Each structure stands twice: as structure tokens, then as C-alpha cells.
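Please look at the sequence and the model below. A colleague has some questions about them.

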There are 2 protein chains.
Amino acid sequence: MPPPNLPKQTLLTKFIPILSWLRHYPKQDFNSDVFAGIITAILFVPQGIAYAMLAGLPAQVGLYASILPPLIYAFLGTSRTLSVGPVSIAAIMIASALTAPELAALGTPVEHAIILAVEGGLILLAMAVFRMGGLVKFISHPVLSGFTTGASILIVFSQLPHLLGLNKQQCGYDIACNMGTMNIYAAGLGIFSMVLLLLMGKPLTRTLKSMQLRESLVTGISKTAPLLTVIITTSVVSFFHLYDMQQVAIVGEIPKGLPDLSLSFLANSKEHWIALLPSAIFISVIAYVESVAIALVTANLRNEKISTNQELIALGTANIATAISGGMSVAGGFSRTMVNFSAGARTQLAMIIAVILLALALLSFTEQFTHIPKAALAAIILVAIAPLIKFREIITTLKYDRADATTQTITLLAVLFLGIEEGIALGVIVTIIAFLQRTSLPHIAVTGQVGDSEQFRNVGRHEVTTWPNLLLIRIDENITFANITYITDFISAQIDNKPELEHVVLQFGSVSYVDITAFETLFSYIEALDTRNITVNLADVKGPVMDKFKKMDLDHHLMKGQVFFHSIDAIKALAK
Amino acid sequence: MPPPNLPKQTLLTKFIPILSWLRHYPKQDFNSDVFAGIITAILFVPQGIAYAMLAGLPAQVGLYASILPPLIYAFLGTSRTLSVGPVSIAAIMIASALTAPELAALGTPVEHAIILAVEGGLILLAMAVFRMGGLVKFISHPVLSGFTTGASILIVFSQLPHLLGLNKQQCGYDIACNMGTMNIYAAGLGIFSMVLLLLMGKPLTRTLKSMQLRESLVTGISKTAPLLTVIITTSVVSFFHLYDMQQVAIVGEIPKGLPDLSLSFLANSKEHWIALLPSAIFISVIAYVESVAIALVTANLRNEKISTNQELIALGTANIATAISGGMSVAGGFSRTMVNFSAGARTQLAMIIAVILLALALLSFTEQFTHIPKAALAAIILVAIAPLIKFREIITTLKYDRADATTQTITLLAVLFLGIEEGIALGVIVTIIAFLQRTSLPHIAVTGQVGDSEQFRNVGRHEVTTWPNLLLIRIDENITFANITYITDFISAQIDNKPELEHVVLQFGSVSYVDITAFETLFSYIEALDTRNITVNLADVKGPVMDKFKKMDLDHHLMKGQVFFHSIDAIKALAK
């Protein structure tokens with residue numbers, strides 16, 4: 001007999017997974033988790049500041065988003081290695097949302113960002129309660145891929161002015177004007193940062209690996225690149241006073257200490273909440289889709305399980321937590337998670353350690369962040385984002401399927417030229433239309449018998465036997481309002497080619513559903529054929545379909561036609 | 001060699017079908033067509049006036065819609081017996097469109113009605129040009145049936161005040177108040193009309209048939225009921241001066257003569273056209289759907305063909321013609337077409353004769369129409385509309401499919417409580433959502449071998465052989481973004497039940513399409529299974545699917561898995 005408190009515990013561990021894994025935590029994992037935690041903490045500082053800049057927000061908003069949210073996720077999330085915090089795609093979506101002109105009158109950018117995070121969190125929790133996680137499947141791979149490439153291109157364009165110290169506000173898209181405003185010191189720091197980051201990427205990794213170093217150590221060393229970049233460039237800026245002497249843009253002062261927890265966002269006006277709601281929907285849904293996609297990648301590699309509904313709860317709560325602690329919207333970050341994973345993280349303990357280290361940094365030395373040059377941060381963003389621009393994926397998709405490639409291209413172009421949210425929305429609509437279009441052109445084949453076997457194959461693709469008085473038609477799809485007209489038209493066209501025809505046999509082996517529109521249309525068509533002395537028979541009908549047909553008085557509707565268990569029985573009975 | 005003018009002639013007869021059938025017109029059909037034409041003409045007068053009243057328009061607008069449009073359709077339509085003219089469903093939709101408050105400032109109700117007809121005609125022609133007739137399939141049977149019942153109920157409520165001579169304008173929905181305003185003379189005429197119409201329906205038909213009369217003659221006699229009703233009640237109203245003495249509502253004066261042809265609607269403002277466009281879309285699409293549905297019923301009975309694209313052209317032109325001649329939107333009417341058909345019409349010549357007779361009536365005795373009591377017209381509408389209220393259809397649908405029954409009920413309720421156009425729109429949206437929902441829960445079965453045969457069936461439904469190291473899974477649907485998650489979850493659940501499992505065989509016999517999202521998800525899932533030493537194999541893969549897989553380097557993605565031509569080959573190779 002199970003102990004009386006077992007059901008309660010099961011429910012608890014379901015909703016708070018840490019209770020389950022921490023009790024059985026294997027001591028030998030501890031060293032790996034600590035190492036991975038240190039490496040990820042090193043990434044948190046530059047990424048947090050950079051993504052806040054990308055979103056058009058003060059640096060601390062990104063750092064605060066790296067404290068409570070990963071901690072919450074460590075307790076509630078089902079991925080062992082997902083690193084939750086600020087991410088580039090959400091950041092550019094926030095930046096895009098903040099440009100809406102009506103927002104200026106309603107509050108400050110930080111207030112907008114916090115409301116976006118709360119609303120996003122509530123949306124994800126609502127999706128969890130109503131089990132609507134399945135809805136996100138409409139963001140199909142082509143939509144997600146087109147969107148990611150498009151958003152990444154937008155990020156590149158948003159960071160080039162920072163990288164080169166251009167004055168985009170003054171010049172807009174005038175290239176010559178922009179080049180005239182270039183700050184040569186900023187550009188130098190930016191380009192130096194890019195080169196350093198690129199060299200410490202693949203080339204360094206390859207060299208270290210050839211020196212037979214442990215893989216997690218290789219990751220650890222190469223992933224200090226952003227921190228190293230920041231330390232070097234910041235030292236140069238500080239030492240030469242480039243920020244005032246040469247007007248190199250810097251991060252500026254960051255308040256010392258941990259974020260205050262506050263529910264003051266509740267005081268914002270109803271109009272303010274409503275104005276941001278559409279953007280919050282897009283940001284949170286994309287954050288969720290990308291997080292789960294990343295979580296699945298690492299989980300599959302280690303045969304762990306991801307519960308999509310629990311992820312909604314974890315990410316929803318994490319986004320509410322970021323808002324309470326003055327941070328921006330969060331999600332699972334691809335690069336950070338891969339770093340965490342390949343640095344050897346076994347559990348979310350690694351993230352807890354990373355958070356503790358980041359908190360210590362915020363408590364002790366935020367003044368060192370003041371002189372970080374924006375050019376270096378732009379370089380960090382650009383190097384992180386570049387691999388997400390995948391034009392080649394469109395070519396690959398095109399090779400496979402033209403409709404999917406079209407969806408991908410439309411989404412990409414719409415993100416670039418209509419806007420990020422418009423791009424996603426259009427992509428989803430195109431996905432649904434293309435899907436409906438495709439199902440309205442079902443695959444149907446005229447078949448014949450393969451030799452003396454019980455097999456039937458397409459007459460167009462195989463050597464098969466056919467009979468003048470008999471037409472075998474295999475319907476390869478469920479029959480619905482969307483395709484029934486196509487199917488009856490196809491049968492009619494085939495009938496016109498067979499002057500001696502007496503019997504049509506519809507092979508229903510692939511049909512597992514016939515809706516009422518199709519049922520009524522098909523059987524009034526069968527009745528009409530009966531007046532022309534052509535009998536329609538069915539074969540290979542599946543159980544569930546047959547059950548439904550029987551409820552509708554099938555024998556009457558089939559007129560003189562019969563139902564055969566298998567096509568071969570139809571041949572034996574009808575072929576002349 | 002064909003004569004040089006053949007292609008031109010073929011094109012002509014394609015777009016003007018009358019050129020083809022009139023040349024080969026069989027003389028023996030002439031009598032039938034004349035008889036049917038007379039009967040239909042007798043219906044045209046009361047229906048034309050009644051449907052104009054239903055739409056809230058002067059009587060002549062309905063009569064004018066019964067002249068040019070059926071004539072145009074006779075030349076362009078592909079149905080031999082469809083009777084085009086004013087119809088009840090379009091009339092109630094026009095009435096509903098005319099209630100929009102912003103219209104009052106833009107013109108008169110007749111002007112609105114004419115613009116609705118022109119716009120509707122142009123929409124149908126555009127659909128023909130862009131071959132978009134297929135779009136109407138989204139108005140599935142459940143939507144159409146729910147809509148028809150809902151609209152018919154609205155018609156009943158709109159006619160009760162006329163039938164009983166109530167003052168609905170004064171009382172609204174207050175039943176007691178309405179009853180207080182009842183005009184006892186009008187109510188008497190209305191109820192007498194209903195009784196007469198009902199008696200001349202089934203009871204008279206049955207009696208005449210039992211007297212061995214010819215069926216077309218029986219139809220002819222019973223279908224004079226509306227005319228007889230009008231003649232009797234109008235005579236009573238005229239003779240006793242009920243219209244002024246007792247204030248019985250009458251049709252009023254109708255201008256004598258044929259309608260003037262005019263393009264004056266072109267002078268209406270742009271705002272006017274834009275304000276009516278949404279309603280015009282709904283009216284024309286429903287008019288088209290209902291017309292084709294009726295045309296197909298009669299065509300199927302006589303093995304004639306309907307070209308759906310040519311119907312768009314014919315109905316589009318007919319609607320432009322009705323506007324030019326001062327009439328309201330037209331469609332194929334169900335009751336009138338069935339009368340025409342059962343009175344023996346062989347070709348559209350019957351309709352041409354009906355139009356000539358109606359034109360003669362308009363030229364010679366419109367003053368006799370003046371005193372037609374509205375109560376009698378309401379009775380005609382009610383008797384015609386009652387059979388369209390089919391609550392039983394929802395029960396039938398429910399028996400067959402719960403999702404379809406839900407769509408039907410939602411459409412019906414939305415038409416009643418939200419509005420006619422809103423109801424159709426909601427029905428279409430629900431249809432698409434339900435469709436996507438259903439395809440995301442595909443039919444999948446674990447199968448086993450039937451005896452020693454080459455057949456495989458569902459383990460849950462049949463006695464079959466299975467093996468501990470082998471899992472056979474038949475996927476019964478195309479694999480897309482909508483259902484791939486369900487499929488991989490299903491496979492995972494089955495794997496957990498089989499501790500000795502080595503091989504999964506996916507039976508692809510029913511799969512004729514795998515989109516890129518599904519492809520990528522499936523094969524990264526297969527790679528993940530490979531790390532657990534479970535190999536995934538494919539069997540029964542169709543040609544087109546295999547072609548695509550090969551482009552994507554299938555062998556690499558399948559890891560150690562193989563592709564078998566047929567499931568039996570997989571058993572021979574893998575079963576232990």
C-alpha cells in the first residue's frame with residue numbers, strides 16, 4: 001500500500017520538479033554543475049547588459065532579468081540545462097514594441113518593458129491552465145526559421161551604429177551621412193572586439209582541442225571571450241578617458257545592489273496594459289516556442305523529458321518574477337544554454353550557482369560596468385546573432401517543399417518590411433491557408449493488382465493488372481468538406497475514360513475520417529452514379545469509419561454497391 | 001482536320017451554353033417547357049412581391065428582379081432547370097444589411113439594394129476570373145444548414161407581424177402590446193391564406209395523385225396555390241375596401257410597364273459602395289452556394305453537368321443585370337426550381353417563357369396588384385420557408401459527428417443572436433479551427449500481422465501476431481506541423497511499454513505528404529531514439545514521399561534504420 005501522502009507528493013513534484021531531482025542529486029555531478037555555473041555567470045553580465053541595450057532599455061533591466069527568472073526556472077522548469085534570462089530575439093521584439101507612438105504618453109520605456117513581461121507571463125500561465133500549449137504548433141518550422149532570420153537581420157542593422165559609433169538618429173538610412181559621423185575610437189574598439197570574439201570562437205576551440213584538453217574546459221576557456229572583450233575594451237576606455245575625451249558611448253552608471261522587488265506596475269493605467277497586450281502575446285509565444293525548442297535539443301541528447309505544459313508554468317512564472325524584480329521579458333537563450341550544456345551542466349544547480357555569482361557581482365562592483373563601451377556590446381550581439389541568419393535554410397526547404405519555402409520567404413520578408421509581429425502573424429496565416437489548400441488537393445490514385453498478390457499500386461507508377469468493367473480508386477487522405485469536390489471530380493473524369501465501366505471500388509485503407517459534408521456529398525454522388533448503372537463499392541474501410549457509416553444507414557446509401565473487407569475480395573467478386 | 005472556326009465556337013458555347021443546347025433543341029421538349037414556364041410564371045408574381053417586402057423594399061424591386069436575371073441565366077447558366085430570381089434567404093440578408101444606421105445618410109433603400117446587387121455580381125465575376133469558386137467550400141454543410149435554419153427562423157419572426165397585422169414598430173418584442181395592436185381583418189386574411197396554402201400543398205397533391213393524374217399536372221395545379229391565395233384575398237380586400245375602412249396593409253401601387261434600364265447607380269458615392277461591400281460579399285457568396293447546391297440536385301437527377309466556374313459567370317452577370325433593371329439581388333430559388341423541375345421543364349426555355357408571361361403581366365395589369373394584402377404575402381413566405389427550418393438535421397449530424405454538430409449549432413445560434421453575416425463568418429472560422437484541431441489528433445494504430453498473410457491490422461481491433469523486439473506503428477494521416485508532436489508522443493508512450501524493444505517500424509502506407517516541420521521533428525526524434533539503441537525503420541513508403549525524403553539524405557537521417565518496400569519484408573528481416 002502506498003504511503004498516504006504519496007498523491008500529494010506526486011502533484012508537488014510534478015509542478016515543482018526540483019523537489020524530485022534535488023533529493024536524488026548525485027554528488028559526482030556537483031563539480032560539473034559548479035564549473036558550468038561559473039562559465040554561464042561570466043556570460044550573464046555582458047549578455048544582460050547587451051540585450052538591455054538591444055531592447056532600448058537601461059543596462060540593469062537586463063541584469064535584473066538574469067537573477068530571479070533563472071532561479072524560478074531552476075525550481076519549476078523541466079529542462080536540466082536551459083538557461084533562462086534575457087535573449088536577443090525577445091529584446092528586438094521589445095525594442096519594436098516600444099516604438100509605438102501612443103506609448104510615450106503612458107509611461108517610461110522601463111515601465112512598458114515590465115508590463116510586457118507581466119502580461120507575457122500571465123498569457124503563458126493562462127495557456128497552461130487552458131492546456132493551449134498545442135496552439136504554438138501553428139508557428140511551424142518555416143515560420144520560425146523565416147522569423148528568426150528576419151529578426152536577426154534587424155538586430156544586425158540595429159547594432160551597426162553602436163559598433164561603429166555612428167549617429168543614426170541624425171542620419172537615418174543615409175549611408176554617406178552615417179559614415180561621416182563615425183567615431184573612429186568606437187569603431188576601433190568595436191572591430192577589435194569582433195576580431196577577438198571570432199578568434200576565440202572556432203579557431204581557439206580547434207587549437208585547444210588539438211592540445212587534448214577536456215571538452216568542458218575548452219568550452220569554459222572559449223566562452224570567457226565576451227567577458228575578456230568587455231574587460232579589455234573597458235580598461236582601454238577607462239585608461240584613456242575615451243568616454244569624455246572622444247565621446248565613445250558607454251553603458252553608464254548601473255545602480256549597485258540587488259533589484260528591489262515591487263508590484264508598482266499594478267498602478268499603471270488600463271490603457272497602458274491594453275496598448276501593450278498584442279506585443280506581449282507575440283513576445284511570450286515566441287519566447288515559449290524558442291525555449292521549448294532549445295530545451296528539446298538538449299533533452300533529446302541526454303534522453304531527458306520536457307513537459308510542454310510545465311514549461312508554460314515555469315516560463316510564465318519566470319516572466320512575472322522578472323517584472324517584479326524590475327527586469328525585461330525572459331526566455332531560454334540558445335547560445336547561453338549550449339554553453340551551459342557543453343560546459344558540463346548536469347542540472348539546474350549550475351544556473352543557481354550562476355545566479356549567486358551574478359548577485360555577488362551586482363552587490364560588489366557595478367561601478368566597473370560603467371565604462372563598458374557600447375561598441376564592444378554591439379560586437380558581442382553581432383557575433384552571437386550571426387549564426388541565426390540562415391538564408392541557406394530557405395534553399396534547403398525549397399528543395400524539399402515549395403509551399404513551405406514560400407511560407408518561410410513570406411515570413412522573412414514580412415518581418416523585414418512590415419514588422420516583427422506582422423511577420424509572425426502573416427506567417428501563421430499563410431501556414432494555415434497553405435495547409436487548407438494542400439488538403440483540398442488530396443492524393444488519389446487509380447490502382448491495379450500487383451501480379452497475383454494482395455497488393456494494389458498506382459497504375460501510373462507500377463506494372464499492374466486492371467479490368468475494363470472495374471475502376472479501383474485509392475483515396476489517400478481523410479475526406480472532408482475541403483477535398484470532397486476534388487475527389488468526386490476525379491472519379492467523374494476517370495469514369496469518362498472507361499466506357500465499359502460497371503463498378504467503382506473506392507479503396508478506403510487510408511481514410512480514417514469522413515466528415516458530414518463529405519459523407520452527404522459522396523453518397524448523393526453515388527446515388528447519381530446509380531442512375532447511370534455504375535455501382536460504387538467500398539473496400540478496406542477502417543473500423544471507426546465503418547462505425548460511423550453504419551449509423552447513417554450505409555446499405556441504403558450505397559444503392560447496389562457492397563462493402564468488401566479487402567480490395568482482393570472486390571476483385572474476386574466483380575472483375576470480368 | 002477540324003474546321004478553322006471550331007476553337008472559337010467551343011469557347012463561345014462554353015461561355016454561352018444556350019448556343020450549344022438551343023441548336024439541338026428536341027421539338028418534343030417544347031410542350032413540357034411551355035407548361036413548366038406557365039407554372040413558374042404564376043409563382044414569380046407573388047414571390048417577387050413577397051420577397052421584396054421581406055427585404056424591406058417596394059414590390060416592383062422584386063418583380064424587376066424576375067425579368068432580366070432569369071433571362072440572362074437562361075443564356076449563360078449550365079443548369080437546365082434552375083430558376084433564378086429573388087429568393088427568401090438573400091431577401092432577409094438584404095433586410096439585415098439595410099438596417100445599418102450609417103446607410104440612411106447615403107441614399108434610399110432601393111439605391112442600397114441596387115448597389116448590393118452590382119457589387120455582388122462583380123464579386124462573383126471576380127471569383128470566376130481568379131478561379132476562386134473553390135473558396136466557397138469553407139461554407140461546409142453544417143455551416144450552410146445551421147445558417148439556413150437560423151435565417152429561416154428570423155424570416156418567420158419578421159413575417160408574423162404582417163401575417164397578423166401587428167404594429168411591431170410600436171410594440172417591439174412586447175407580446176401583449178403586439179396582440180393589442182392586432183388587426184383582426186388582416187389576421188383573418190393571413191390565417192385563411194395559410195390554411196389554403198397548406199391544404200393545397202401535400203393534402204391536395206395526395207388527392208390528385210390518387211386520381212391518377214399526370215405528375216406534372218399535379219404539380220401545376222397545386223403550385224397555383226400562391227396565385228389563388230393572392231387572387232382570393234385581394235378580391236376580398238378590394239370588394240370590402242378593407243385597405244381604407246379597416247386599415248389592412250396592402251402592397252400599394254406598382255408602376256405599370258417594364259423596368260427602365262439605367263446605370264445611374266454608378267453615380268453613388270465611394271463611401272456608399274464601401275459601406276455595402278461586406279454585406280455584398282456575404283449575400284453573393286451565399287447566393288452562389290445555394291444556387292449551385294440546388295442546380296446540382298436537379299442536374300444529378302438527370303445526369304447533367306454543372307460547371308461551377310460558369311455558374312459564377314452566369315450568376316454574376318444576372319446580378320449586374322438585376323441592378324441595371326432596378327431589381328434586387330438574385331439567386332437560384334429552391335422552391336421555384338423544384339416547381340419548374342417537377343412541372344416538367346427540360347431546358348431554360350421554360351424560364352424564358354415564364355419571363356415573357358411576367359413581362360406581359362407587368363405591361364398590362366399591375367393595378368390589380370395594388371390591393372394584395374401583406375398578410376397573404378406573409379402567409380406565402382411562411383409556408384415556403386417552414387421546410388427550411390430543420391432542427392432535426394442537428395440531431396442527425398450529432399449522431400454522425402460531434403464536431404460537425406457543434407459547428408452547426410454555433411452557426412445557428414450566432415445567426416439568431418449575433419446577426420446573419422456574423423453567423424456565417426463564425427461558422428466558417430469554427431469549421432477551420434475544428435478541422436485543424438482534428439488533423440492534430442491523427443489516427444495512429446499499433447499493428448500486428450494477420451495470421452501468415454501480408455495484412456497488418458490494429459492490435460486493438462483484430463487477432464494479430466506481435467513481437468517483443470518490434471513495434472509496428474501505422475500512421476493513418478499525412479504528417480504535418482499540426483500532428484507531428486502527437487505522433488512522436490504516441491510513439492514514445494508505446495516504447496515505454498516495450499522493455500525489450502529494438503526496432504520501430506513506421507508503416508507509411510497512408511502517408512502521402514510530410515511537411516518540412518514534420519520531417520525535421522521526426523528525424524531529430526529518430527536520432528534521439530538512436531542514442532537509446534532503438535532503431536526506427538520505414539515501410540510501405542509511397543513514391544512521392546520517398547522522392548522527397550531522398551532529396552534530404554534519408555539514409556543519414558535514419559541512422560541504422562532501413563526502408564522496407566512492404567511491412568512483411570520488415571517482419572522477415574527484424575522480428576525475433
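The questions and answers below go from the chain to its contact.

Modeller: This is a predicted model, in which local features need pLDDT of at least 70, side-chain atom pairs count only at pLDDT 80 or more, and totals for chains, interfaces and linings use all residues. Residues are numbered from 1 along each chain as its sequence is written, while chains are lettered from A and ligands numbered from 1 in the order in which they are written.

Colleague: How many helices and strands does chain A have?

Modeller: Helices (H or I, at least four residues) and strands (E, at least two) are DSSP runs, numbered from the N terminus. By that rule, the count for chain A is 28 helices and 8 strands.

Colleague: What percentage of the residues in chain A is buried?

Modeller: A residue is buried if 20 or more other C-beta atoms, placed from the backbone, lie within 10 Å of its own. Chain A has 576 residues, and the buried share is 50%.

Colleague: What distance separates the centres of domain 1 and domain 3 of chain A?

Modeller: Domain bounds come from an automatic or database domain assignment. Domain 1 of chain A covers 26-96 + 142-271 + 326-389, and domain 3 covers 444-574. Taken over C-alpha atoms, their centres are separated by 62 Å.

Colleague: Which element gives the largest share of the side of chain A that touches chain B?

Modeller: Two residues are in contact if their C-beta atoms, placed from the backbone, lie within 7 Å. The contact takes 44 residues from chain A and 44 residues from chain B. Elements giving two or more residues on the chain A side include α8 (141-164) and α23 (420-439). The largest share, 6 residues, comes from α25(A).

How values were computed:
A residue is buried if 20 or more other C-beta atoms lie within 10 Å of its own, exposed if 12 or fewer, and partly exposed in between; C-beta atoms are placed from the backbone.
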